[in-house]
Amino acid sequence: MYYSKKFKKFKKIKHCFFSRKNGYSKGIYKGLNCGRGSRDNKKNIKKNLNFVAKKMNIKRDRLLLMYQKHSNKVIEINKYNFKKRIIADAMITRMKGIALGVVTADCVPIILYDLRNEIIGCIHAGWKGAYKNILKNTIMKMKKLNPNNNIHASIGPCIGKKNYEVDLKFYKKFIMKNKKYRKYFVSRNKSKKLFNLRKFVAD
């Protein structure tokens with residue numbers, strides 16, 4: 001379990017970046033697998049989600065996860081939809097007593113907190129979502145709720161640059177969108193690049 005030093009100072013909210021440790025799943029899913037779309041044993045996933053809810057000090061039905069699609073879709077959670085199936089890659093809410101969560105492996109988990117208006121949010125940012133402006137969309141949606149804000153963000157564990165190998169087609173896709181994106185790549189060899197997803201998302 002990992003925590004943001006900055007977010008620990010905010011007494012009105014609770015946060016955590018969970019690792020794979022302390023889970024009930026076995027085999028290739030060994031650990032704290034919370035991916036309901038995986039082929040893991042459903043009973044183990046349920047136990048893992050119960051563990052997370054307990055750590056966050058909420059009831060299981062107050063822990064909200066999304067069906068993530070690598071999109072740029074952001075949903076505001078309210079009393080009318082919080083029990084419905086959420087298909088998106090980012091959520092924000094002003095509701096009290098609930099926890100928002102994302103499930104990641106290589107992708108970037110981001111948590112947001114508008115200190116002034118007590119709005120929380122979380123983002124699942126893979127390269128597709130980041131490329132499609134999921135981060136900008138989420139922040140704009142928070143600003144739409146109240147333009148007078150004070151938004152803080154924390155980026156959780158994700159794939160490192162040394163392990164993110166991409167081909168030239170991937171590289172050119174980013175460069176065609178913005179030539180300044182070259183700074184997020186370094187050459188591996190003639191046909192491969194290494195991509196710094198974390199820095200891309202942070203910037």
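**Exercise 1. Aromatic pairs**

Find how many aromatic pairs this predicted model holds, then classify the pair of tyrosine 131 and phenylalanine 174.

Solution. 
- Step 1. The count comes to 21 aromatic pairs.
- Step 2. For tyrosine 131 and phenylalanine 174, the ring centres are 5.0 Å apart and the planes make an angle of 65 degrees.
- Step 3. Ring centres within 6.5 Å make a pair, and planes over 60 degrees apart count as edge-to-face. The pair of tyrosine 131 and phenylalanine 174 is therefore edge-to-face.
- Step 4. Tyrosine 131 belongs to helix α3 (residues 127-131) and phenylalanine 174 to helix α5 (residues 168-177). The two residues are 43 residues apart, and their pair links distant parts of the chain.

**Exercise 2. A second partner**

Classify the pair that phenylalanine 174 forms with phenylalanine 195, and state whether each of the two residues is buried or exposed.

Solution. 
- Step 1. Phenylalanine 174 has a relative accessibility of 0%, so it is buried.
- Step 2. The ring centres of phenylalanine 174 and phenylalanine 195 lie 5.1 Å apart, with the planes at 55 degrees, so this pair is tilted.
- Step 3. Phenylalanine 174 is in helix α5 and phenylalanine 195 in strand β10 (residues 192-195), so the pair ties together parts 21 residues apart in sequence.
- Step 4. Phenylalanine 195 is also buried, at 0% relative accessibility.
- Step 5. Ring pairs link a cluster whose members include Tyr131, Phe174 and Phe195, as well as Trp127 and Phe200.

**Exercise 3. Asparagine 81**

Locate asparagine 81 and describe its surroundings.

Solution. 
- Step 1. The loop between β2 (74-77) and β3 (90-93) contains asparagine 81.
- Step 2. Buried means under 20% relative accessible area. Asparagine 81 has 17%, so it is buried.
- Step 3. Its side chain reaches the backbone nitrogen of asparagine 78 at 2.8 Å.
- Step 4. Leaving out residues up to four places away in sequence, asparagine 81 touches Ile75 and Glu76.

Terms used: Residues are numbered from 1 along each chain as its sequence is written. This is a predicted model: local features need pLDDT of at least 70, side-chain atom pairs count only at pLDDT 80 or more; totals for chains, interfaces and linings use all residues. Side-chain values use heavy atoms; hydrogens and water are left out. Helices (H or I, at least four residues) and strands (E, at least two) are DSSP runs, numbered from the N terminus. Buried means under 20% relative accessible area, exposed over 50%, partly exposed in between (1.4 Å probe, protein chains only). A polar contact is a pair of N or O atoms within 3.5 Å; within protein, one must be able to donate a hydrogen and the other to accept it, and residues adjacent in sequence count only if both atoms are side-chain atoms. Contact means heavy atoms within 4.5 Å. Rings of Phe, Tyr and Trp (its six-membered ring) pair if their centres lie within 6.5 Å; planes under 30 degrees apart count as stacked, over 60 as edge-to-face and the rest as tilted.
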